[in-house]
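Dear colleague,

Please find below the structure that I am handing over to you, followed by an account of what was found in it.

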Amino acid sequence: MKKIYFTVVALCLIAVSYVGLTYEKNLKIENHLKEKTIQYKQNYNVIYEEYKKISNVIYQIKINTPELKEIFKNAKSADNKQKVIIRDKLYKYLSDSYKILKEQNIKQLHFHLPNNESFLRFHRPGKFGDDLTNIRGTVKYVNEYKKAIDGFEEGRIYNGYRFVFPIVHQKEHLGSVEISFSTFAMNIEMIKSFDLIGKLLISKSVVKEKVFSDEKSNYKQSKFEDFLFEKKISEIVQRYNKKNISMLISDETKEEVNKKAFENRSFSLYDTKSKTIMTFLKVQNPVSNKVVGMLVLRSEPSYIQSKMNNFYIMFIGISLFILLFVLFIYRILNQKETLNILVEEKTKTLNDINRELEESEYELQLLNESLEQRVQEEIAKNSEKERMLYEQTKMAALGEMIGNIAHQWRQPLSLISTIASSIQLNHSFGMTISQDELDKNMEEIVSKANYLSMTIDDFRNFIRGESKEEMFNLKESISSFYNIVESSIKKNNINVVLDIDKSIEVHSLKNELNQCFINLFNNAKDAFEDKKYPKYIFISASMDKNNLIIKFKDNAGGIPENILTKVFEPYFTTKHQSQGTGLGLNMTYRLITEGIGGTISVSNDVYNIGADEYTGAEFIITLSDI
């Protein structure tokens with residue numbers, strides 16, 4: 001009966017560990033998939049913005065010119081014979097430029113009259129005169145509101161990323177022009193730039209409604225019932241799929257995608273059949289904002305596979321530990337029962353009792369020695385675990401900072417790329433650039449390069465981790481900390497208010513102090529989660545005789561009074577175990593008190609920001625004899 005009882009206990013403990021590990025694994029995988037969606041959406045937007053800037057340059061240099069407007073100005077009132085003459089002049093005027101534009105992945109150059117009539121398609125000069133009012137919402141929008149618009153849209157012949165501009169001559173609206181990039185260009189750019197396999201799918205209903213009948217044979221049914229794709233796109237995927245990423249799709253994935261097909265939200269999921277991460281970026285019509293397609297991207301799931309392998313290793317390890325622990329307890333209890341039986345059986349004579357007592361004392365002594373040794377071993381193991389958790393906390397902070405640096409680099413790099421592309425495009429058209437404009441562009445590139453250098457210097461100085469006392473300016477040190485977490489500040493819409501006297505000089509451990517600031521900032525950032533009101537962090541510093549007092553407070557609602565005294569204890573956290581170890585504030589406490597030789601305290605405070613009253617936590621760091 002006792003064996004059954006211990007077996008049930010062991011199985012229950014194993015089941016609980018399985019549920020906990022499964023929950024942690026699924027949560028981390030879900031967060032990883034969300035990050036993948038955000039990452040690929042940003043990559044997609046970067047490429048799209050490049051196309052938009054190129055289109056604007058083409059429009060300003062080649063379309064929005066007096067010479068072209070002079071040719072096109074009478075087209076809207078001309079009869080059919082006159083339109084033929086104007087169309088030929090317009091085609092001859094831009095034919096050489098169109099050849100160059102095609103090398104820049106331009107698919108279409110299409111002129112329209114104010115009544116939305118197709119006037120000239122450079123890719124199909126023989127097709128014109130059709131009414132685009134109910135087919136091309138972007139053309140109708142530009143001719144109606146006289147404003148430019150851009151986005152993905154299916155047409156009579158091709159689908160693509162369209163940038164439509166009004167043509168105005170002496171305040172008279174002459175019509176509109178479209179500059180379009182093919183979906184193949186976007187596919188190839190995503191594959192080459194970010195090492196992904198991508199395929200753009202188009203809504204079946206959109207193709208049925210808009211495409212010319214003789215052009216519908218260019219499309220093929222995809223693996224999702226409501227979407228088609230252009231046949232040529234399969235050749236592109238095969239050509240660039242150098243890693244032989246599987247193109248299989250499980251039934252579960254199909255069912256999930258069909259449910260979310262026309263929701264505006266993009267998402268990622270792990271396909272169990274192909275063992276790949278599939279990201280579905282929704283493509284919306286710029287006028288109706290309805291989903292008309294989706295870009296399907298596949299990438300390798302190394303992180304997910306690692307988490308799954310870790311899950312199985314952890315589960316097997318914990319299960320073996322539970323079984324051994326339960327077996328150990330079971331044997332100890334059996335030993336005690338055996339000793340009791342022996343004592344009862346040997347009560348007949350005093351000699352027997354003494355002998356049994358001596359044997360029992362000897363066995364108990366061995367048992368105590370064994371237990372003491374095991375206790376020491378467990379203490380050593382716990383110390384090692386604590387050291388590893390501290391290292392993991394540091395690495396997590398380092399990983400977040402690397403993400404911050406990458407985010408801060410994205411905009412300057414995009415601007416440098418745009419300036420270089422503009423100079424290259426002007427050179428392709430034989431356009432000269434004034435010395436002033438060239439100097440201005442070069443200054444902008446140098447400025448952004450210096451910003452990138454400054455950012456990486458701040459990051460390098462922090463991760464160098466030299467634990468030595470040095471004299472440094474407090475405001476400059478806090479500015480370095482601010483640069484490290486700047487992207488996280490912007491991402492979470494946090495207002496940081498600094499009140500630091502620039503004359504304060506400190507002789508202490510600079511890197512340890514910055515680590516404390518980062519830990520306090522991350523603690524406040526987590527407290528702001530799901531807060532809808534304006535978020536503020538106030539950092540101030542002042543001197544009181546030879547003591548430096550640094551105050552770090554927020555308006556995130558404060559810390560519950562029943563746990564206020566526990567926040568500096570190791571492993572204490574209000575987060576789920578998958579989100580925190582409880583070592584952030586404990587590390588800060590130890591760095592201040594043991595490393596720097598100062599003190600740190602925390603309390604709740606109520607104060608006003610403008611006309612509103614807020615409650616927040618206030619941490620006070622005091623450094624003596626600086």
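Helix α1 (residues 2-63) lies across strands β1 (106-112), β3, β4 and β5, and runs at about 30° to β4. Please bear in mind that this is a predicted model. Helix α3 (residues 80-103) also packs on the sheet, where α3 touches β1 and β2. The direction of α3 makes about 160° with that of β1.

The sheet itself is open and consists of five strands in the order β2-β1-β5-β4-β3, with antiparallel pairing. Its edge strands are β2 (118-121) and β3 (149-154), each of which pairs on one side only. On average, neighbouring strands of this sheet are turned by 30° against each other, direction ignored.

Within the sheet, strand β4 (residues 159-169) and strand β5 (residues 172-182) run antiparallel and are joined by ten bridges. As for individual residues, F165 has V177 in β5 as its bridge partner. In general, strands of a sheet pair through backbone hydrogen bonds, in either a parallel or an antiparallel manner.

A further finding concerns the surface. Y312, I316, L320 and L323 make a nonpolar surface patch of about 410 Å². One of these residues, L320, is located in helix α9 (residues 302-345).

Yours sincerely

Terms used:
Residues are numbered from 1 along each chain as its sequence is written. This is a predicted model: local features need pLDDT of at least 70, side-chain atom pairs count only at pLDDT 80 or more; totals for chains, interfaces and linings use all residues. Side-chain values use heavy atoms; hydrogens and water are left out. Patches are made of residues with over 30% relative accessible area and no salt bridge: like charges are joined within 9 Å, nonpolar side chains (Val, Leu, Ile, Met, Phe, Trp, Tyr) within 5 Å. Accessible areas come from the Shrake-Rupley method with a 1.4 Å probe; for residues, only the protein chains shown count as cover. A salt bridge is a side-chain nitrogen of Lys or Arg within 4 Å of a carboxyl oxygen of Asp or Glu. Helices (H or I, at least four residues) and strands (E, at least two) are DSSP runs, numbered from the N terminus. Two strands pair if DSSP finds at least two bridges between them. Axes are lines fitted to C-alpha atoms, for helices over the stretch in contact, and angles run from 0 to 180 degrees between N-to-C directions. Contact means heavy atoms within 4.5 Å.
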